Amino acid sequence: MNIQKIIDRRKLDEKMPGLPWYVQQFMDYKLPDLSPSTLLEYVRDYEAFFSWLRSEGLSTGETNAQVTLEELETLHMDSITGFRLFLSTKREGSNSRITISRKLSSLRSLFHYLSQIAEDENFYPLLKRNIMAKVEIKRIHKPKDTAAKLKGKILEEEELLEFIGYIYEGYGQDLADNKQALYSYEINKERDACIASLILNSGLRVSEIVNLNLDDLDINNKLLYVYRKGNNDETFKTPVYFREQSKDDLVLYLSLRHTRYRAPKKEKALFVTRPNGSTEGKRMTKRAIQAMIIKYAKRFGKPYLTVHKLRHSFATDYYLQNDIYKTKEQLGHASTETTEVYAHLTDKTMSQAIERRVETLTDSAD
């Protein structure tokens, strides 16, 4: 099992006692088919729902674990509408339409299991009435809409190289008057640039970057072996190619990895960090990598740029030179429908390139 799944499985086990027994039964039913990471998201959605039920007086349970099946059976459509409204307007960060749709889908899965699959000792369904069967969840995540939202929020063409170069040098120049921040930057700039370069030249997900070990790297053949999302075979790692530029960045980082971070031999992680006060390096976390990219992106003038948008940036660039099927395979998508986002993005990119070409020719003629 990869590192992130191990962490999420531990978190999942920690949360189970705080949920009703029937949710724990549902988790046991789903565990062979879904990853601990996915189930952990389900559990968080259920925690939010049960807490809301209690706060609205729709459950008399003093804790989430005490919400009963009978209370779920007597919910009205007004209750579900109220929960949806709560998700979209709550003060501490409202949810997007896509997030709300996902949370409602999580509830539908639980209610379906309780009403159609799980049985009591007399072979009757655990849930006699399924209110969630009446809830229509519209498909929101359309490729064309996603492409429109990404407009101006990814790196295009020469910006890919410029961003990596900025991490190597430009950021340090901007920090010239901040000695403390400059000291940390000088230690980590080669590693940080290498991570950005690897995503921009392979399209790896942040979880895949975190899980990389030293022996997953075949630098001569420009290959990485990664646990891909959706693959439930814990023993299989998918070979993923990276482009030539990352080879140089990896060689530079690896030459500094031991001396800079003092990672012990037992630490197999490719990308490591040495926290303040620690004598040994350890594997970087997903949150640390996400925060690192955001830090550089803001100074670079791309405040909306995130780790996942680096992946989008690679995919858009890659799709311009390859077909949808090669792009799907490189990114590890389950279907080409997801990959269609880049068809819409590249249509925009190509039209802009044509306009720039026309402007160049016009200027030359003048």
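Two strands pair if DSSP finds at least two bridges between them. Strands (E, at least two residues) and helices (H or I, at least four) are DSSP runs, numbered from the N terminus. The model is predicted: local features need pLDDT of at least 70, side-chain atom pairs count only at pLDDT 80 or more, and totals for chains, interfaces and linings use all residues. Residues are numbered from 1 along each chain as its sequence is written, and side-chain values use heavy atoms, without hydrogens and water.

**Exercise 1.** Work out which residue of strand 3 stands opposite Leu223.

*Solution.* 
- Take strand 2 (residues 223-226) and strand 3, which pair in the antiparallel sense over 4 bridges.
- Find Leu223: Tyr241 in strand 3 stands opposite.

**Exercise 2.** Classify Lys11 as buried, partly exposed or exposed.

*Solution.* 
- Locate the residue: Lys11 lies in helix 1.
- Apply the cut-offs: buried means under 20% relative accessible area, exposed over 50%, partly exposed in between (1.4 Å probe, protein chains only).
- Lys11 has 34% relative accessibility, so Lys11 counts as partly exposed.
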